[in-house]
Amino acid sequence: MGCICVNARPAVGCSRRDVKNQTGSYREMAQLFRLLCHPARLCILDAMRRREEVCVCHLQTVLKQRQPYISQQLRALKDAGVVDSRREGLYIYYRLSNPRVVQALDVMLGPAGQPRHHPECTCPQCRRE
Ligand SMILES: [Zn+2]
């Protein structure tokens, strides 16, 4: 069977397994794009870029959405390995954990801006400002 890899040059070290692996990584990428193809998730990730890490209550203020909705989006991002979390007292902070996604966001959204000031936010970070 002929090689079906993207460079269409058979017999240059393209075993069937390579082709299969390549298709696998395309599939993974497509899943990642699907995950990112969502305004609320992009907004969450952008908030993380601006501030390194954010808690759920900050994201509630930024997105003007309720906690269950935010948690649902964060779970999807965490399951995909896009974000990571750490607990500090009562708060759980989320941060970007996939350098590839950070690069993709820089390309798609432009360089990360300054953290936005949210006077109405009651999260520990905003209270400190
Ligand atoms: Zn805040």
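Leaving aside residues up to four places away in sequence, Met 48 touches Glu 53, Val 54, Val 83, Tyr 94, Arg 95 and Leu 96, where contact means C-beta atoms, placed from the backbone, within 7 Å. This is a predicted model, in which local features need pLDDT of at least 70, side-chain atom pairs count only at pLDDT 80 or more, and totals for chains, interfaces and linings use all residues. Residues are numbered from 1 along each chain as its sequence is written.

Met 48, Ile 44 and Val 54 have the most contacts inside the largest nonpolar core, which has 17 residues. Such a core is a set of buried Ala, Val, Leu, Ile, Met, Phe, Trp, Tyr and Cys residues joined through C-beta atoms within 7 Å (buried: 20 or more other C-beta atoms within 10 Å of the residue's own). At least two core residues come from each of helix H2 (39-51), strand E1 (53-55), H3, H4, strand E3 (91-96) and helix H5 (99-109). H2 gives the largest share, four residues.

The axes of H2 and H4 come within 10 Å and cross at roughly 75°, so the two helices are roughly perpendicular (65 to 115 degrees). Ala 40, Arg 41 and Ile 44 of H2 meet Gln 73, Leu 74 and Leu 77 of H4.

H4 (residues 67-79) also packs with H3 (residues 56-63), at about 110° and with axes 9 Å apart; H3 is therefore roughly perpendicular to H4. Val 56, Leu 59, Gln 60 and Leu 63 of H3 make this contact with Gln 67, Ile 70 and Ser 71 of H4.

Technical notes: Axes fitted to C-alpha atoms, helices over the stretch in contact; angles between N-to-C directions. Parallel < 35°, antiparallel > 145°, perpendicular 65-115°, else oblique. Contact = placed C-beta atoms within 7 Å. Buried ≥ 20, exposed ≤ 12 C-beta atoms within 10 Å, placed from the backbone.
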